[in-house]
Amino acid sequence: MRATEADARVVREGEALRFHGPVLRDRVATLWLAAIPQLAGAATLDLGGVTELDSAGLALFGELMQRN
């Protein structure tokens, strides 16, 4: 069973951006739009809830780290 886009999400908890679900190419744009407004002041990207990751997801995390 393939995960749906609704399974991928990012939430701000304190100084952490917590990612949950699959971080895959077809979800990166949605996650990007959700993460950018929450990024200022975040000290940590918490990937503990990530269930799948591809190269597009890895690039998303790299770009978020560079911007902060």
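Predicted model: local features only at pLDDT ≥ 70, side-chain atom pairs only at ≥ 80, totals over all residues.
Four salt bridges were counted. One of them joins the side chains of Arg18 and Asp46, with an N to O distance of 2.2 Å. This pair links distant parts of the chain. Arg18 belongs to strand S2 (residues 16-23), and Asp46 belongs to strand S3 (residues 44-53). The two residues are 28 residues apart. Arg18 has a relative accessibility of 25%, so it counts as partly exposed. Asp46 has a relative accessibility of 22% and therefore also counts as partly exposed. The limit for a buried residue is under 20%. The pair is also part of a network of salt bridges, in which Arg18 and Asp46 are linked with Glu13.

A further salt bridge connects the side chains of Asp26 and Arg27. Here the N to O distance is 2.7 Å. Arg27 has a relative accessible area of 2%, so this residue is buried.

The closest N and O atoms of Glu63 and Arg67 are 2.9 Å apart. Glu63 is partly exposed, at 29% relative accessibility. Arg67 is exposed, because its relative accessible area is 52% and the class begins over 50%.

Key: Residues numbered from 1 in each chain as written. Heavy atoms only, no water. Helix = DSSP H or I, 4+ residues; strand = E, 2+ residues; numbered from the N terminus. Buried < 20%, exposed > 50% of the residue type's maximum accessible area, 1.4 Å probe, protein only.
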